[in-house]
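This text leads through the structure shown here one part at a time.

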Amino acid sequence: MARITPEIPSASLADIAFMLLIFFLVATTMDVDSGLSRTLPPMPEGEQDDDQQIRERDIFTVRVDMLDRMLVEGELEDLTNLRDRAKEFIANPNDEEHLPRKIEEEVEYFGQVPISQQVISLQNHRRTSYGMYIKVQNELTAAYRELRDEIAMDRFGRTFDRLDSDQQAAIRKIYPMRISEAEPRQTGGN
Amino acid sequence: MAKFQRKDKNKRPAISTAALPDIVFMLLFFFMVSTTMREVTVNVLQRLPSATEVNKLERKSLVSYIYIGQPRPAYQRLLGTEPRIQLNDQFATTDDIFAFIASEREARDESEIPFMTTSLKVDNEVRMGIVDDVKQALRRANALKINYSTLTTENIFN
């Protein structure tokens, strides 16, 4: 005679599942980490020869002082104009005398291209606020990104981040991101 | 009596809740798959700046975090309101960063070390002095790939 096993009540299954659900809601995070990526220069080893051939016209200085005021090439400038000024400097579209030199180089997909020898020098004071620093970094990144997008649209008909890695490398060669940050030092009191 | 019986017949059947556990399990699996465990309790205030030119950090397992900001109110009596560095679960100084990076490297596979990134989660109001010190310490530790953690926004001028 077969014995009938009584059915196990499953009414509390939902409660158990809810408990697990709530545990995972509390103990986990979903935030995607995003931000501005940078590569720091390696620590100089031993004696550094300061003999690098960077000329005055190739450098675009951006200084942010302790009161979050920004000096571009020595004069006060509004943050909203930084992107356009940086773009004009990097690309030097009219081959002007005071903007960076250009050296012809062979680039894949593009052939002979005059490449601007630009360097952006970013200096900040120890009392500059981090928020301001990020805004400046953001605008400089945006300048490079817009220039890269423009040339990518011209040549490939797509924005820079939709290109494949070879094409991106070619464009990076034309507009390399060169943001140099001065060695921190205490200047002008604190 | 007949009256009552008729009324009983007309009563709507209760909605079956047999599918409820299935639905909840579905939600549970979604959250289990799409989230990651909280690993540290952040003891410093974090109001991250916003930026437009952000890129996402790939491969979270290769990211180490450095938090900088004012200590949370609970710690302010002890530590004051000057911005502090937090590594893992503890307050630290710039001298601890070298050891921190070394231990982070030890925990990863050797082939993955070149891809390790340090994410700086810094409060908006912090002065650059402490950030510069941390960056110098990272350079000394040869952890050169960094990411300034920001929120994403459409316009930074408002």
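Angles between axes under 35 degrees count as roughly parallel, those over 145 as roughly antiparallel, those from 65 to 115 as roughly perpendicular, and the rest as oblique. The model described below is a predicted one.

Begin with two helices of chain A. The axes of α3(A) and helix α4 (residues 165–174) of chain A come within 10 Å and cross at roughly 125°. α3(A) and α4(A) are therefore oblique to each other. Their crossing is right-handed. On the α3(A) side the contact involves A:R148, A:I151, A:A152 and A:F156, which meet A:Q167, A:I171 and A:I174 of α4(A). By class, the residues of this contact are five nonpolar, one polar and one charged.

Helix α3(A) also lies across strands of a sheet in chain A, namely β3, β4, β8 and β9, and runs at about 155° to β3(A). That sheet is open and has five strands, in the order β5-β4-β3-β8-β9 (chain A), with mixed pairing. Its edge strands are β5 (75–76) and β9 (179–181) of chain A, each of which pairs on one side only. At one end of the order, strand β4 (residues 70–72) of chain A runs antiparallel to β5(A), and two bridges join them. Here A:V72 has A:E75 in β5(A) as its bridge partner. Helix α2 (residues 79–91) of chain A packs on the sheet as well, touching β3 (59–64), β4 and β8 (119–124) of chain A, and its direction makes about 25° with that of β4(A).

Chain A also has a hairpin. Strand β6 (residues 102–107) and strand β7 (residues 111–116) of chain A pair in the antiparallel sense over six bridges. A:E106 has A:Q112 in β7(A) as its bridge partner. Three residues lie between the strands of this hairpin, where A:Y109 takes a positive phi near 75°.

Which strands form the sheet that draws on both chains? Seven strands form this open sheet, in the order β3(B)-β2(A)-β8(B)-β7(B)-β4(B)-β5(B)-β6(B), and the pairing is mixed. The edge strands are β3 (55–56) and β6 (90–92) of chain B, each pairing on one side only. Strands of a sheet pair through backbone hydrogen bonds, either parallel or antiparallel. Between the chains, β2(A) and β3(B) pair in the antiparallel sense over two bridges, and A:S34 has B:K56 in β3(B) as its bridge partner. Helix α3 (residues 130–156) of chain A lies across β2 (34–39) of chain A together with β7 (117–122) and β8 (145–149) of chain B, and runs at about 75° to β2(A).

The contact between the chains takes 51 residues from chain B and 41 residues from chain A. On the chain B side, at least two residues each come from α2 (20–34), β1 (36–37), β3, β7, α5 (128–140) and β8. By class, that side has 24 nonpolar, 15 polar and 12 charged residues.

B:I85 stands opposite B:A92 in β6(B). Strand β6 of chain B also holds B:F91. Is B:F91 buried, partly exposed or exposed? B:F91 is partly exposed, with 16 other C-beta atoms within 10 Å. Not counting residues up to four places away in sequence, B:F91 touches B:N43, B:L79, B:R84, B:I85 and B:Q86. B:T52 is 39 residues from B:F91 in sequence and 30 Å from B:F91 in space, C-alpha to C-alpha.

Technical notes:
Residues are numbered from 1 along each chain as its sequence is written. Chains are lettered from A and ligands numbered from 1 in the order in which they are written. This is a predicted model: local features need pLDDT of at least 70, side-chain atom pairs count only at pLDDT 80 or more; totals for chains, interfaces and linings use all residues. Two strands pair if DSSP finds at least two bridges between them. Helices (H or I, at least four residues) and strands (E, at least two) are DSSP runs, numbered from the N terminus. Two residues are in contact if their C-beta atoms, placed from the backbone, lie within 7 Å. Axes are lines fitted to C-alpha atoms, for helices over the stretch in contact, and angles run from 0 to 180 degrees between N-to-C directions. A crossing is left-handed if the near helix is turned anticlockwise from the far one by less than a right angle, and right-handed if clockwise. Ala, Val, Leu, Ile, Met, Phe, Trp, Tyr, Cys and Pro count as nonpolar, Asp, Glu, Lys and Arg as charged, and the others, Gly among them, as polar. A residue is buried if 20 or more other C-beta atoms lie within 10 Å of its own, exposed if 12 or fewer, and partly exposed in between; C-beta atoms are placed from the backbone.
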